[in-house]
Amino acid sequence: MCRMIGITDYSYHVHKTFLEGFFELAKRGKVPPHNKPFHLDGWGIGYYKNGRAGVIKSAKSVLKEKDRFFNALRKINRSKILIVHLRKSAWKNTNLVKNTHPFKFNNVIFCHNGTVLDYKPLIKEIKNELGPGKGALDSEVLFKYALSQKGNGIKTKFKKTFKDIEKSLKHTSLTSLFSDGKNLYAYLEFTKLPAYYTLFMSEYKNSSIVCSEPPVKNLKWKLLQKRKITAI
């Protein structure tokens, strides 16, 4: 469970207001019924510099690391694609950097909002060189399983992965953001709680923004279509 935002043609100067609004979702963002408030179980930033993927992650509360969070975004300054994630863990005692999103492998960045409850059968289908490390949870396994699929391009690989899991594994949501450095993709899917598992998209100047909840109110935001991979 989480809040996440993706921005194309990111510029800290241009998008600072969006990031400030997104930061506030750590405190006021929607949570599933009967859950404690806040999304404070780690945070992460995925970005591209000179076409190469990078990630900055922490297992600590973003509220306690506000300066570090914004300093990282300021230092990145510009990126063709930016993906930021605020974690609310579905798994007890797993607040570790290795479990924090986004995940990166080669030049692909991925983050997820939801839980694949019976994810372990996927592990044996993952190629050895992609195999998730010890203690990997559902989101990382989903990511590595997708990269193991046949086909050209990450859109094709993730499309097959989402269909496989939707048909055969118990899950709450497969809502995701992912990128190969050239394109940003978003996917909205849920089996419950449609008011929580959401992705909204809008345009601002020369960029597109997709977010779990609208981070600013002065734009028109469109809810993405369910079970469709959208190129942002």
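**Charges and backbone in a predicted model**

Glu189 lies in the loop between strand E8 (184-187) and strand E9 (200-204). Helices (H or I, at least four residues) and strands (E, at least two) are DSSP runs, numbered from the N terminus. This is a predicted model, in which local features need pLDDT of at least 70 and side-chain atom pairs count only at pLDDT 80 or more, while totals for chains, interfaces and linings use all residues. Residues are numbered from 1 along each chain as its sequence is written, and side-chain values use heavy atoms, with hydrogens and water left out.

Let us stay with this residue. Is Glu189 buried or exposed? Glu189 is buried, because its relative accessible area is 0%. Here, buried means under 20% relative accessible area, exposed means over 50%, and partly exposed is in between (1.4 Å probe, protein chains only). A polar atom of the Glu189 side chain lies 3.1 Å from the backbone nitrogen of Leu174.

I turn now to salt bridges. A salt bridge is a side-chain nitrogen of Lys or Arg within 4 Å of a carboxyl oxygen of Asp or Glu. By this rule the count comes to eight salt bridges.

One of them joins the side chains of Arg3 and Glu213, at 2.8 Å from N to O. This pair links distant parts of the chain, 210 residues apart: Arg3 is in strand E1 (residues 2-11), and Glu213 is in the loop between strand E10 (207-211) and strand E11 (222-223). Both Arg3 and Glu213 are buried.

Another salt bridge is formed by Lys16 and Glu20, at 2.4 Å from N to O. Both residues lie in helix H1, four residues apart, which is about one turn of the helix. Lys16 is partly exposed at 31% relative accessible area, and Glu20 is partly exposed at 33%.

Next, Arg227 forms a salt bridge with Glu166, and the closest N and O atoms are 3.6 Å apart. Arg227 lies in the loop between E11 and strand E12 (229-231) and Glu166 lies in helix H4, so the pair ties together parts that are 61 residues apart in sequence. Salt bridges that share partners join Glu166, Arg227 and Glu189, the residue with which I began, into one network. Arg227 counts as partly exposed, at 46% relative accessibility, and Glu166 also counts as partly exposed, at 24%.

Let us look next at the backbone. Which residues does a cis peptide bond join? They are His101 and Pro102, with omega about -5°. Pro102 is found in the loop between strand E4 (78-87) and strand E5 (103-105).

Two further residues deserve a word. Phe38 has a phi near 85°, a positive value in a residue other than glycine. Phe38 sits in the loop between helix H1 (12-28) and strand E2 (43-49), and is partly exposed, with a relative accessible area of 37%. Asn106 is not a glycine either, yet its phi is positive, at about 50°. Asn106 lies in the loop between E5 and strand E6 (108-113). With a relative accessible area of 62%, Asn106 is exposed.

Key:
A polar contact is a pair of N or O atoms within 3.5 Å; within protein, one must be able to donate a hydrogen and the other to accept it, and residues adjacent in sequence count only if both atoms are side-chain atoms.
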